[in-house]
Structure formats: structure tokens, C-alpha cells
Amino acid sequence: MVVPERVSERRLSIPNNAITGILFAIPGYFAGVWLGTLFGLNDDQNTGVILGYIFATVAFLAGVGFLNYPFERLFGWRVSPLTDPDENRGVGRFFRLSLDHKVIGLQYLVTILIMLLFGGIGAMMIRTSLLVPDSSITPSGNYISLIGLHSVMMIFITSAVIVGPFGNYLVPLMIGARRMAFPRLEALSFWVVPPAAVILAAATFWGGFPTGWTGYPPLSEQASQAMDSYIVGFALIAVALVTSAINMLATIIGLRAPGMTWTRLPMFVWGIFTTSILGLLAAPVLAAALFMLTLDRTTQTSFFLASNGGSNYLWENLFWFFGHPEVYIFILPAFGIIMEIVPHFARKPLWGYRTGVVGLFGVMLLSFFVWQHHLFVSGIAPVLRPFYMLSTELISIPTGIIFLVTLGTLWRARVWFTVPMLFCMGFLFNFLIGGVSGVYLSDVPTDVTLHGSYFSMAHFHYTIMGGEIFALMAAAYYWLPKMTGKMLSPTIGRIHFWWMFIAFNSTFFPLFIVGLLNMPRRVSSYDPALVGLNRWVTISAYFLFGSMVLFAANLIYSWFFVARPALANPWHARSLEWQVPTPVPARNFERVPLVVAGPYDYGIPNARPVADLGGVVGATGGG
Amino acid sequence: MAVRTRAYEADAAAVAALDTRLVGIGTWLALAADIFFFAAWWFAFFYLRALNNNQAWKAQGVAPPSRGYGAVVVVLALATAVAYFVGSRPAAGAFLFRLLTPVALVFGLATCLFQGYELWHLGFGLTEGGYPSVFAGLSTAWVIQFGLATAWLASIVTQAGPAGDTVARRQPASFFAWILLFLAAIGIVNYILLYLVA
Amino acid sequence: MGVFRIEEADRPHLLRLLIIWVVLSIVGILAALQIHYPPYDQSVQGLDQSRTLALLTVLATPVFIGVVIMVLYSAIYFRRTTTELVDGPPMLGNTPVQIAWIAISAVLVLFLAVFGIVTLASSNVAQAVGTPGRSIGQSGGQTGSGTIGGTGPELQVQVVAQQWYFTYRYADYGGVETTHLYLPVDRPVELHVTSLDIIHSFWAYQLGVKADANPGVDNIFHVTAQKTGSFQVRCAELCGLWHGHMADSEGQVVSQSEFDTWIAQQQKDYEVISKAVPSYAPFYFPEPLLKAG
Ligand SMILES: [Cu+2]
Ligand SMILES: [Cu+2]
């Protein structure tokens with residue numbers, strides 16, 4: 001191909017890394033504030049603060065190097081090629097814009113674990129405050145700020161905690177690809193997360209926002225500039241969800257290795273696939289709603305103000321149209337993890353592969369039709385309640401399929417009781433409780449008494465923490481030997497599991513009772529009769545936090561202090577990601593593998609190995 | 001499949017074909033996401049209009065901006081998309097491509113300017129009800145996206161060399177035409193809602 | 001049945017599981033029936049909710065126990081006993097079992113949904129969750145017009161929420177505004193819940209009432225108290241700084257005669273104030289809210 005002569009050889013050459021990003025972000029923030037104050041229609045600073053956050057984020061991304069490509073294009077320069085992964089070595093690569101999905105996976109892992117620490121500390125402060133039934137430990141205002149920070153931080157984390165580290169790292173390995181479809185989008189889906197977390201944390205400087213993660217107006221329109229943190233932070237997470245979804249779906253559709261047919265796709269990949277569809281279609285609705293809220297707060301429009309022709313129901317509908325799929329964005333990858341890991345340790349084929357995939361798709365589809373179950377008592381369209389009650393309860397059927405497939409796989413198996421397997425079983429128990437309690441909330445008459453109480457709080461902590469986080473732990477113990485190159489200590493792992501499992505149930509099960517006994521969510525003062533139960537929960541929560549510290553210790557110890565590298569395939573698993581060496585070579589597969597068998601064909605006589613790694617002559621596999 | 005098994009990695013043509021396929025998939029996915037984004041605004045439009053809370057969907061004296069002016073914006077957007085679409089078809093020659101992309105860019109810039117001018121001179125206050133809110137919000141959201149697309153269009157123009165370009169003449173360039181057509185179509189729907197249905 | 005061919009190897013496991021499941025389920029259901037479910041029986045609607053909770057628990061118990069014993073059973077009986085890895089039998093699935101599982105869960109779910117819809121539609125609970133009876137606004141409380149006050153059998157009470165307390169207006173008594181909620185026993189009450197500022201949620205725990213208070217919305221909720229005594233009122237939707245303190249434990253269900261005395265007293269006490277408050281309406285629009293203060 002002839003390079004046209006007009007195209008110059010010039011490139012943008014700034015040292016692009018996270019530090020440049022931060023150096024850019026600070027003046028970016030002040031530029032935004034200045035501009036907002038200049039043009040803001042209000043004498044409050046909201047326009048300035050919002051523009052400041054946006055400018056700071058864009059400047060940060062520019063410093064990291066995201067604008068090089070568009071600017072090079074725009075100026076008619078020759079555009080940089082995708083970074084060659086071979087050049088990408090050393091610790092520095094974690095602080096630069098790397099287009100290697102393995103680096104992005106690890107960047108995500110560490111970032112999210114740090115965020116998790118802050119979210120967890122928030123939870124401990126909340127529980128500490130609830131040691132007493134009045135607001136004497138934490139004043140009421142600080143308490144609701146804590147609630148807001150903890151909830152939104154955790155929502156950020158749980159949106160990405162599986163797809164980010166494990167999805168990015170493993171999906172190409174599992175489908176036999178050498179890269180992702182859109183590495184720049186993939187990197188973007190990571191690099192907006194640290195700004196989102198920092199912007200969210202900045203809410204504390206404005207005194208915190210009072211709305212929790214639901215951000216209901218008009219309260220969110222009364223709120224101080226801290227609310228702007230919620231808006232911009234959440235919008236960045238929406239960007240992360242959409243970009244990651246486009247990248248994952250295009251990768252899974254377009255970059256599967258030859259022979260990796262849809263019926264040979266590992267269940268984890270199916271989990272990522274379905275969750276990506278949800279993120280793709282739900283997050284834009286959140287983005288639109290956040291934009292409306294921004295306009296209301298800065299230019300005095302009235303999308304959500306009844307007295308000026310708006311309606312707070314508009315927000316509730318849009319938010320929950322996103323919000324319900326969002327909770328399945330959390331759990332579908334977890335379903336994928338469970339159905340992925342169990343066959344490898346049961347040493348049996350996945351029992352009912354197609355049914356399991358249908359289950360995932362059933363959950364995915366139905367979750368778009370249930371959002372008003374959050375609004376049963378809101379007064380919105382009472383005539384529609386039977387429909388939403390029915391659709392919500394219908395989700396039990398595909399969810400039940402996930403249990404069926406897992407239990408069927410365990411049936412007459414030769415279960416190898418590793419730590420990941422323990423966490424899978426813990427998941428089954430916790431998510432069962434979470435799911436069953438969900439039925440209580442889906443029934444309109446009982447929802448009247450349970451809505452907005454600790455019962456619903458206990459319910460979603462059972463599904464998210466007991467479900468998603470337990471699956472995350474299973475994934476961590478299972479796949480980190482591949483990702484970090486070190487085995488996590490199984491002994492500590494076992495202690496960790498039992499500690500976490502007991503502490504978790506001891507923390508959250510009593511909260512169902514607390515909710516039934518008249519305690520609303522998000523209150524710092526409660527009925528003194530409930531002080532005993534609340535103290536029990538708080539003490540248990542401290543233990544739960546301790547179990548997470550143990551996990552962190554295990555992770556750090558194994559990663560940085562254990563010298564012995566992990567085996568390439570410590571679990572003797574069949575699936576493709578275990579067939580590559582550890583550490584994974586820069587381009588994953590020396591040659592594009594030819595997949596010739598399913599990943600779960602254990603015990604099948606004469607089963608072929610999953611792939612011919614000698615490669616396919618004539619396959620590109622993403623170059 | 002055919003694409004993926006045709007050549008080994010070193011074959012640049014195969015890699016390019018694969019990239020084209022990926023860009024195609026990605027484009028359709030992005031458009032699907034964007035439909036949901038705009039659907040949220042359309043929902044807001046019909047919802048607030050039906051509720052008419054406090055009789056303030058349109059406060060006293062609020063009237064939609066000039067239909068003729070709005071039509072100009074939509075026609076310009078459509079012209080942008082059609083000009084680029086025609087020029088970027090694989091069948092179109094290098095001459096047509098070099099002729100029509102700058103034309104499309106001019107139309108695109110004009111669209112943004114006209115829409116921006118209208119937003120600055122609305123004739124009603126933003127506090128005056130649901131309709132002004134939706135009008136301002138939806139038009140702004142649309143013109144931001146159209147503006148970003150125009151910037152991308154500009155980069156295609158600057159990348160296009162005298163020989164007719166190496167980057168833009170590939171398939172991905174014609175996928176971009178679908179994005180422009182999509183945004184123009186959204187513009188038409190918005191026009192019908194905001195000016196005709198109101 | 002020919003479809004469900006039970007393999008020889010499965011038989012002892014299935015038999016054992018069945019026995020454990022039946023025994024534990026019976027025990028579990030009996031235990032579940034012992035529980036005294038909130039919100040108890042101070043109102044007709046509360047009693048319905050309490051019964052629905054009991055029903056759900058009774059239905060959930062065998063499901064829960066079934067899955068848990070399956071998991072535990074696999075953990076105990078299907079664990080690997082040898083030191084080296086052995087593969088299990090290559091079972092790829094069993095269509096009749098899958099269909100049966102899906103069918104059973106579908107039947108359970110449909111039963112629950114139909115039961116819920118029937119309860120919802122039946123007069124008591126239909127009222128409890130707000131289908132309009134004699135309403136002053138449209139149901140679901142959008143804007144609307146209608147008769148205010150009136151002489152129906154239902155007592156019409158408006159719940160007005162604002163940061164951070166509830167007040168109550170009795171439409172049938174000249175719209176008098178009170179600071180506590182008194183309800184006569186055994187008389188159907190139509191609550192009209194609205195807000196002056198932001199979203200609150202009116203939760204009268206013992207009465208089994210929860211209804212969001214939205215600005216510009218008349219959210220209707222029916223309740224019939226059947227026992228005298230006090231009840232607690234709390235706000236159940238995060239509403240800002242003092243949300244946690246937006247509570248009142250002095251709600252009272254009293255006899256009709258006590259109620260008449262009380263309301264007469266209120267009318268007298270608040271006569272002056274009543275002239276100042278806006279006249280009774282489905283909802284109110286105070287001066288525009290301060291945005292983003
Ligand atoms: Cu939901
Ligand atoms: Cu309140």
C-alpha cells in the first residue's frame with residue numbers, strides 16, 4: 001500500500017501515562033470550573049463543578065493518550081498503529097495506556113480491589129454508626145452521605161468487578177483470540193473507572209450527597225454540589241459499561257478461533273455475552289436520565305419537577321429501566337463463573353449446556369420487562385402491577401435453570417474440593433436465599449410491607465455480596481494462578497471461605513428479621529427494641545471485613561512474596577485458557593488454535609483435547 | 001468464518017477484512033445502544049406531555065420554535081449523511097469520494113451551527129415547563145452526537161490523500177455512513193416530535 | 001412412566017434424598033407456620049400481607065430445603081475419595097428431567113403470580129395497594145380532578161408529607177389539618193398521600209400501609225383498621241438530612257365515638273390555622289423548589 005505523500009510523519013509525542021493524565025486533569029478541572037462560572041445560568045457553582053469534572057476527565061484521558069489517535073487523524077498525520085504488545089513490558093505498562101487485554105485485566109483487578117477497600121470501609125462506618133439506635137455516633141447528615149458513598153462506590157465496583165478483570169483477561173484466551181476487537185475501547189472502559197471513583201470520592205468535599213444510589217429527584221435537585229459527583233461518576237460508569245459491552249460482544253462474535261462454535265463456547269463467555277447485551281442497552285438510558293438531571297440542576301429545566309410540568313416518576317422509570325438490568329449485569333457473569341467452574345471440579349461435562357445458555361438468555365431478556373417492581377408503592381400506574389409481578393416472578397424460571405444445570409453437573413460427580421469449588425457452593429446457598437427473598441418482594445401485597453425496609457436491603461446484599469462477590473472469589477482462586485502467575489494459598493483460602501461464609505450469613509440474615517420488624521433502610525436512628533439484633537449484625541460485619549482482609553493478605557502474599565510460579569494448568573482443566581503457558585505470552589497463542597472439542601468433555605471416552613495449538617494455517621485470529 | 005480461515009496473520013488483506021467485519025459489528029452494536037439513548041428522550045417527551053403536571057407541559061406563551069427553521073436543520077443533517085453515503089460507497093470512484101466528503105463536512109458543520117443558533121434563541125425560558133425541557137435536552141443531546149460525528153468526518157477528510165485515501169476508502173468508512181444516516185433519521189423523528197406533535 | 005427412566009446408579013441417591021427432603025420439608029413447613037408474621041392484624045390489609053408472607057414461606061421452605069440438601073448431598077456423597085483425579089460419568093443432560101424442572105418451577109411461579117393477582121384484585125388487598133375506590137384524583141395519582149370530600153362510607157384522609165414530618169387532613173371535616181393520624185376502627189379509610197417537596201414514603205407499619213408521597217401526585221391507598229391501639233408512622237423513602245427522624249409513634253386507631261370527640265377537638269384547636277392553610281386539594285404546589293442549592 002502506498003502512503004500518500006501528503007500524510008506527514010509527525011506524531012504527537014508526549015509521555016503518555018497516568019501521571020501525565022493527573023497533571024493534565026488538575027488544570028482541566030479549573031478550566032471547566034472557570035468556563036462554567038462564566039456561562040453558568042445559575043449563581044450556584046453546579047455548572048462549573050460539572051464542567052470541571054468533565055474537563056478533568058477528558059484531560060486525564062488525553063494525558064493517558066486517548067486523544068492521540070483522533071487528533072492524529074484530524075490533523076492528517078499518519079495514525080499510530082495499535083501498540084505492539086511485545087513492546088509493552090515492565091511494571092510501567094500498568095500505568096500507561098496499554099492495549100493488551102491482559103494488562104487491562106490486571107489494571108482493572110487492582111483498581112477495583114482498591115475501590116472495594118474504600119467501599120468496605122464505608123460499610124464498616126455505617127455499621128458502627130448503627131451500634132446505637134440514635135444518631136450519636138454518626139450525625140444524621142454524615143450518615144446519609146456515608147450511605148450514598150458506600151452504595152454508589154459499590155455499584156461502580158460490582159458493575160465491573162467480574163467483566164473488568166476476568167472478562168478482559170480471559171475472554172480472548174477462552175475463545176482462542178489473540179486480542180480484543182476494539183483494544184482502544186477496551187482500554188477506555190478501564191481508564192474512565194479511576195476518574196469515576198475519584199470524582200465520586202470528591203463528593204465528600206461538598207459534604208456528600210443525600211440520595212443513595214437511586215438519586216431520586218427532587219431530592220437530588222435540592223442537593224449540594226456533591227450531587228454533581230454522583231452524576232459525572234455514574235455517567236463515566238455508563239460509558240465504561242457501553243464501551244466494554246461493544247468490545248466484548250464484537251470480540252465474541254467476530255474473533256472466535258476456528259472451530260470455536262457457539263455450542264463450544266465456555267459458559268463464562270456466555271455470561272459475559274449476556275451481561276454485555278444488558279450493559280449495551282441499559283446504560284444509555286441511564287446516561288439520558290443523568291443528562292436530564294444535569295440540565296435540571298444547571299439550566300433550571302424541569303424534567304423532574306411536578307410544579308413546572310415535569311415528574312419525578314420520569315426519573316424513577318428511566319432509572320429503574322437501567323437499574324434492574326444493572327443488577328443482572330452484576331449477576332450474569334457470576335452465573336457464568338459458577339457454571340464454568342463446577343464442571344472442571346466435578347470432572348463431569350456441564351449437565352445441560354444448551355439449557356444453561358437458554359437460562360442466561362432468559363434472565364437477560366426478562367430483566368428488561370420488570371423494572372416497575374421497584375415502584376409498586378410509588379403510585380405509578382397501579383393497573384400495570386400484575387404484569388410486573390408476573391414478569392418478575394417469571395425470572396425465577398431461568399434462574400432455576402442455572403441451579404438445575406449446576407446441581408445436575410454435581411450429580412454423581414467426583415468433586416474435587418478446591419477453594420473455588422467451596423465458593424461455588426457458598427454461592428449456591430447464598431444466592432438461593434437471595435432469590436427466594438426476591439420472590440417475597442415481587443409479590444405486591446408483601447412488597448407493601450417489605451419495600452424500603454431492611455428486608456430488601458438484606459435481599460440485594462444476598463444476591464450481590466453473597467452471589468456476585470462469592471462468585472468473584474471463586475473466580476479469583478480459580479483464575480489468578482493464570483493471571484498473576486502465582487497460586488493463592490489453598491490453606492488460607494479454606495479459612496477465608498469458612499470465615500467469610502459464616503460472617504456473611506451472620507451479618508445479613510438477621511437483617512431480614514430487622515426489616516420485617518419495622519426498620520427502614522438508610523436511617524441512622526431506629527427503634528431501640530432492635531438494638532440487640534443491630535449490634536449482632538455490626539459485630540458480624542466486622543468479622544466479614546476481616547475475612548476480606550484475609551483475602552487481600554492471601555492475594556498480596558501469593559502475588560508478591562511467593563517465589564514459586566504456578567503451574568500452567570494447576571487444575572488439570574480442559575478449557576482453552578489453561579492450555580497456554582503461564583505467564584501468558586504477549587500474543588496469547590503462538591498460532592491461532594483450531595478448536596476441536598468442547599471445554600467440558602470430561603469422562604467422555606476418546607475425547608479429544610480441546611484444541612490443536614499447532615495452529616491453523618490460514619487463520620488470522622485478530623492478527 | 002471464511003474470512004477467518006483465509007490467510008495467516010501476516011496477510012494484511014485478511015487482517016483488514018477481519019477488522020472491517022469487527023467494525024461492522026461494532027457499528028451496529030453502537031447504533032443499538034444509541035437507539036435506547038434516544039428512546040429514553042422520546043419516552044420523556046410522551047410521558048411529560050401526557051401527564052401535563054400542573055398544566056405546565058407548555059407554560060403560558062410557550063410555542064415551538066419555527067418549523068421552517070427546524071426543517072432546515074434536519075434537511076442539512078440529511079444532506080450530510082446522504083452526501084457522505086454516496087461518496088463512501090465502495091462503488092463510488094476516488095473522484096466522487098474526494099468531491100463529496102468535503103461537501104458532507106460543510107453540510108455537517110452547517111447543521112451544528114444552525115442547531116446551535118436555534119438553541120441560543122429559543123423564544124422560551126427553560127423553566128417554562130416540560131416541553132421546553134425536552135426540547136432543549138433532546139436537541140442538545142442530538143447535536144452533541146452529530147457534532148462528534150462531524151468531527152470524525154473532518155478527520156476522514158484530512159486523512160483522504162490525493163490518490164483517494166488509504167484509510168477512509170476502506171469498508172469502515174462506509175460503516176460510518178450508517179452512523180450519519182442513523183443520526184439524520186433520529187433528527188427526523190425528533191423534528192416530528194418537537195415541532196409537529198409538540 | 002417410560003420417559004423417566006431411573007438409572008440403577010441413581011436409585012439409592014434419589015431414595016435417600018427423597019426421604020430427607022420430605023422429612024425436613026414437613027419439619028420446615030411446621031416451623032414456618034409457627035412464626036408470627038408482621039405486620040400482624042391491626043388492619044384487614046395488614047392481616048392479608050401477614051398471611052401472604054406465611055404462604056410464601058410455606059412454599060419457599062421445600063424449595064429451599066430441596067436445593068440445600070442437593071448441594072450438601074453432593075458435597076458429601078459425590079466428593080472425590082481417591083488421591084488422583086478421576087472423571088465422573090459423562091452425563092450430558094436429561095431432557096425429561098430438564099422439562100420437568102422447568103415445568104415445576106413454571107407451575108409454582110404461575111401459582112404465585114395468579115395468587116398474587118387474585119389477592120390484589122380481591123376487594124381487601126386491592127384497596128390495600130391503592131386501586132382507586134372513590135377517588136379524588138385519577139388512580140396512580142396523576143393530575144386530575146374529581147370530587148373532594150363527600151359522604152361515602154369511606155373516611156377520606158390526606159397524608160401530607162414534607163421534610164421532615166407528616167401531617168394529615170380530614171376531607172370530611174373541612175380539611176382540618178392535624179399532626180397525628182387518628183383512624184376510627186372498622187371503617188374503611190381512603191388515604192390520599194401526597195408531598196409538598198420531595199419524595200417521601202408513608203409507612204404505617206402495623207396498619208400494613210406503605211405509599212410513596214410524591215409532589216403533584218395523589219397516591220391512593222385503602223386501609224381498614226380492625227383493632228384499636230397505637231401504630232407507628234415512619235418515612236420509608238430517603239428524603240434528606242432528617243429522614244431517619246421522620247417518625248411518629250402516636251398514630252391511633254380508636255372507636256368511632258372517640259374519633260368523633262377527637263376530630264371535634266382538632267377542628268376547634270386548629271380553627272385559626274385552618275383558615276391559613278390552602279383549601280383541601282388533591283395535591284399542592286408550594287412555591288418553586290430551590291434547585292441545586
Ligand atoms: Cu429489580
Ligand atoms: Cu421523608
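How are the donor residues of the copper ion (ligand 1) spaced in sequence? Let me take that as my starting point, with the reminder that what we have on the screen is a predicted model.

The spacing is H-x48-H-H, and the protein donors behind that pattern are His324(A) through ND1, His373(A) through NE2 and His374(A) through NE2, which lie 1.7 to 2.0 Å from the copper ion (ligand 1). His324(A) sits in helix 12 of chain A, residues 312–346, whereas His373(A) belongs to the loop between helix 13 (353–366) and helix 14 (385–394) of that chain, so the pair ties together parts that are 49 residues apart in sequence. Both His324(A) and His373(A) are buried.

Let me turn to the other site, in chain C. Here the copper ion (ligand 2) is coordinated by His200(C) through ND1, Cys235(C) and Cys239(C) through their SG atoms, and Met246(C) through SD, at 2.0 to 2.5 Å. The angles among these four donor atoms run from 94 to 126°, and the site is tetrahedral, because four donors count as such if all angles lie between 85 and 135 degrees. Along the sequence the donor residues of the copper ion (ligand 2) follow the spacing H-x34-C-x3-C-x6-M. His200(C) lies in strand 6 of chain C, residues 200–204, and Cys235(C) in strand 9, residues 229–235, so this pair ties together parts that are 35 residues apart in sequence. His200(C) is buried, at a relative accessible area of 0%, and Cys235(C) is likewise buried, at 0%.

Helix 4 of chain A, residues 101–129, has 29 residues and spans 42 Å from its first C-alpha to its last, close to the 42 Å expected at 1.5 Å a residue. This helix is mostly covered, with 21 of its 29 residues buried.

On chain B, by contrast, we come to the surface, where Phe46(B), Leu78(B), Val82(B), Ile188(B), Ile192(B), Leu196(B) and Val197(B) form a nonpolar patch with about 520 Å² of accessible area together. Which helices of chain B each supply at least two residues of the nonpolar patch? They are helix 3 (67–88) and helix 6 (171–197), and helix 6 gives the most, with four residues. Val82(B), for its part, is found in helix 3, and with a relative accessible area of 41% Val82(B) is partly exposed.

Note on methods. Residues are numbered from 1 along each chain as its sequence is written. Chains are lettered from A and ligands numbered from 1 in the order in which they are written. This is a predicted model: local features need pLDDT of at least 70, side-chain atom pairs count only at pLDDT 80 or more; totals for chains, interfaces and linings use all residues. Side-chain values use heavy atoms; hydrogens and water are left out. Donors are N, O and S atoms within 2.8 Å of the metal (3.2 Å for Na, K and Ca); water is not among the atoms, so sites may look incomplete. Four donors count as tetrahedral if all angles lie between 85 and 135 degrees; four count as square planar and six as octahedral if opposite donors are over 155 degrees apart and all others between 65 and 115; anything else is irregular. Buried means under 20% relative accessible area, exposed over 50%, partly exposed in between (1.4 Å probe, protein chains only). Patches are made of residues with over 30% relative accessible area and no salt bridge: like charges are joined within 9 Å, nonpolar side chains (Val, Leu, Ile, Met, Phe, Trp, Tyr) within 5 Å. Accessible areas come from the Shrake-Rupley method with a 1.4 Å probe; for residues, only the protein chains shown count as cover. A salt bridge is a side-chain nitrogen of Lys or Arg within 4 Å of a carboxyl oxygen of Asp or Glu. The expected span of a helix is 1.5 Å times one less than its number of residues.
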